[in-house]
Every structure is written in structure tokens, then in C-alpha cells.
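Biologist: Could you take me through the aromatic rings in this one, and then through the surroundings of the ligand? Plain words, please, as I'm new to this.

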Amino acid sequence: MNILVTGGAGFIGSHTLIELYKAGHTALVVDNLYNANPEALRRVAEIIGIPEIPFVEADIRDRQALEAVFANNRFDACIHFAGLKAVGESVEKPLEYYENNLNGTFVLLDVMRRHNCKNIIFSSSATVYGDPAIIPITEECPKGQCTNPYGQTKSMLEQVMMDLQKADPDWNIVLLRYFNPIGAHPSGKIGENPNGIPNNLMPYITQVAIGKRERLGVFGNDYPTHDGTGVRDYIHVMDLASAHVAALQAITRKQGLTIYNIGTGQGYSVLDVVKAFIRVSKVDIPYVIMPRRAGDIATCYCNPDKAERELGWKAQFGLDDMCRDAWNWQKNNPEGY
Ligand code: NAD
Ligand code: UD1
């Protein structure tokens, strides 16, 4: 298939491109480079072994630019990664987040429809479950109250796509609810490249390991978990990448709208991750216990059986692989791209 990949120069998009090409698909990336570096695409092409990844630098809110992309290419489906994703920033800049994530997706869906491309895989998030009613979380678990505008945009866009598919059953839509993607391509050539102080756990740990940050702050050790620190379902970004290739099957089978949890089903605490990282990297990670972070929940991990049952997809990598590859990327690229 030929796939339009919005936000393809970013963390998850760049890794997904490799799995798409490996499975025999081709892709064109549209990205405004707001949170990405074109070097990522150059390295992806190098890993795949092709001269370059077809790329148009454009904002998906720019209708004219998207129209031109569709006029010049025929796409079988779109994988839609483009969006703003920093939770804290979304609380400070709600209008910018709602505007970019909602409006960008509205323009994209409309242009797709005009060009009769009605197949889309959307990057949703475990955040839509809020503080989950059931652990492990199945897809039947009701959506919860999101504590921030970023999460609201995911929840709202899921609803928009459900309504769209109901109104026009020609649409095939896959909502992938990612749990906590970490790690990097095993080559160490591409990985997560956060701007400024990392908000998420693994990039913070790797920056402590490389000597950029003094110590990790562990946000709370009084949660009702096995060691008091927050428990999450970390998933290797290459497993997440292959889930997108598997999700294309749901599109081929014309399944209408389907939702899948994409995680390993295994929960690890903050201290479990720190210990695994130290073991794998042989670098010490000094840490200090800090107050809980606003909006955090105690435990979040999924039941990923539906994806295995219907898509034949199952995570292959474990926590040690995630730590090894995140560290390999950081070590080889101390300043990112
Ligand atoms: P990322 O920021 O690395 O990638 C997103 C890409 O979209 C960036 O390259 C950015 O430049 C681009 N972009 C943003 N707004 C755009 C616009 N209006 N037009 C064109 N390009 C635009 O983020 P990521 O971690 O790769 O996440 C990809 C998707 O997955 C996002 O939608 C994110 O919300 C979602 N998601 C991520 C996580 C995670 O932990 N990384 C978890 C759940 C869901
Ligand atoms: C965060 C987002 C979530 C998003 C997800 C994507 C919040 C509240 N939620 O989830 O919406 O979908 O990223 O990956 O930001 N931690 C520390 N010290 C740190 C950083 C994190 O102790 O410096 C802890 C957190 O308290 C949490 C765990 O590590 O228990 C994981 O945190 P993080 O990587 O930020 O992911 P989430 O909070 O699960």
C-alpha cells in the first residue's frame, strides 16, 4: 500500500516508516517540523536502504498544501501521527493544542474524503481512559475524565471519527490507544529527541545517564503499588511501529471502526525501570523522591489480547530491550539529531 504518514518525522512516525517499508509498503511524509528534525528522515532512508523518504514540509492545517499532496499522489491509507503532545504545555496553551490537534485533523479528514481516501489509523492514547475503572484495561473499559487539554483532544477526535464512520460506513478507521512508548531503533541511529527538559521518564533517565541532568526526580512513592511509585505499560517503539503495519489489515478487511490497546500488558513501576536501566547500561542513575506530579495516576497497564486476536500483533520486546535501545540511541547521539 502507499501510505500518507502525517507527523512522520517525529518519534513514533520515524520508527513506523521502517516497519512499513520492511513490510513492502511505501510512504509519503507530511510534517511541519514543529517538533522534528529532517535528519530523522535522512537516517530512516539510510536504515531502509533507499535514497530518500518522500517528504512534503507542510502543516496539515494548510488545506491548499494538503490538496496538492493528494492531487499528486494516490494513497491507500493515512497513518495520522501529526499533533502536539506535551501534557504540561497543553495546560498552559490550551487554545494552541485544541487548534492544532482538532483543526489539523478536521482539514486532513475533509481533504481525504474529497479524494476518496477513507482509510485512517489514528494515534490515540491510554490517556483517554483517565483514571481507569478496570485494570488491566480492556477496550471495553469506559473512557474517563482527561486531566489536560492534550488528552481531551485525543478523546474528542476519537468521538469525531466514530461519528464520521457512523455517518459514512465507507470509512475504515483504526484507533490505536498507545500506552507508554519508549526505546529506539536498535541501530541507535534514530530515537526520541525531546526539546529542553524531558517530561517523560525514559528520556529523563537517559539524560541523567549521559550526564546532562544531575538526578532523576521520582514523582511520588506513596501510590498503592508494589513499591509506591507509579506503574505503567512501557512498550518498545519498534513494537508500536509494527502494530501500525498490523492495523493496516483491519483496513484491508474493511472492519469499519475498531479500537485497539497497544501495550505489552505488563506494568512496571518507576523504580523497576530505573533498576532495569542501571542493570542494562551499567551506569548509575541517582534519584530523589519528589511530591506526586499533578494529574498522575497510580497504575495504568492494558490487556492487549484484542490486538493479538484480531491483528495477530503482540509485543516482542521486554523492558531490558527498551532500556538497551534507549541508552544506545542517547549514547550515540548525546545532543540528539
Ligand atoms: P512527535 O512530536 O515526535 O511527532 C509528532 C509530529 O507531528 C512531529 O514531527 C511534529 O513536527 C508534527 N506535527 C505536529 N503538528 C503538526 C501539524 N499541524 N502539521 C504537520 N505536522 C505536525 O510525537 P510522537 O511521540 O511521535 O507522537 C506521535 C503521535 O502519537 C501524536 O499524535 C501523539 O499525541 C501520539 N501519542 C504519543 C505518545 C508518546 O508517548 N509519544 C503516547 C500516546 C499517543
Ligand atoms: C504521559 C502523559 C500521557 C501521555 C504519555 C505518553 C502525563 C500526566 N501523562 O504519561 O498523557 O499519553 O505520557 O507517553 O504527563 N516520572 C517520574 N519522573 C520523571 C518523569 C516521570 O517519576 O521525571 C513518573 C511519572 O510520575 C509516571 C511514570 O514516571 O509514574 C511515567 O511518566 P511519563 O513517562 O511522563 O508517562 P505518563 O505519565 O504515563
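Modeller: Rings of Phe, Tyr and Trp (its six-membered ring) pair if their centres lie within 6.5 Å, with planes under 30 degrees apart called stacked, over 60 edge-to-face and the rest tilted. By that rule there are four aromatic pairs. One of them is Phe70 with Phe75: the centres are 5.2 Å apart and the planes sit at 75 degrees, so this pair is edge-to-face. Phe70 is buried at 6% relative accessible area, and Phe75 is buried too, at 6%. (Buried means under 20% relative accessible area, exposed over 50% and partly exposed in between, using a 1.4 Å probe and protein chains only.)

Another edge-to-face pair is Phe277 with Trp327, since their ring centres are 5.8 Å apart and their planes are at 75 degrees. This pair links distant parts of the chain, 50 residues apart: Phe277 is in helix α9 (residues 270-281) and Trp327 in helix α11 (residues 319-332). Phe277 and Trp327 are both buried. Helices (H or I, at least four residues) and strands (E, at least two) are DSSP runs, numbered from the N terminus.

A quick word on the model itself: it's predicted, so local features need pLDDT of at least 70 and side-chain atom pairs count only at 80 or more, while totals for chains, interfaces and linings use all residues. Residues are numbered from 1 along each chain as its sequence is written, chains are lettered from A and ligands numbered from 1 in the order written, and side-chain values use heavy atoms, leaving out hydrogens and water.

Now for ligand 2. There are 18 residues around ligand 2, and Gly217, Phe219, Arg232, Arg293 and Asp296 come nearest (a residue is near if one of its heavy atoms lies within 4 Å). Strand β8 (residues 216-219) gives the most to this shell, with four residues.

What about polar contacts, meaning pairs of N or O atoms within 3.5 Å? An N or O atom in the Arg232 side chain is 2.5 Å from an oxygen atom of ligand 2. For the side chain of Asp296, the distance from an N or O atom to a ligand 2 oxygen is 2.6 Å. Thr127 has a polar side-chain atom 3.5 Å from an oxygen of ligand 2. As for cover, the protein hides 87% of the 730 Å² of accessible area that ligand 2 has on its own (Shrake-Rupley method, 1.4 Å probe).

Terms used. Polar contact = N/O pair within 3.5 Å; in protein donor to acceptor, adjacent residues only side chain to side chain.
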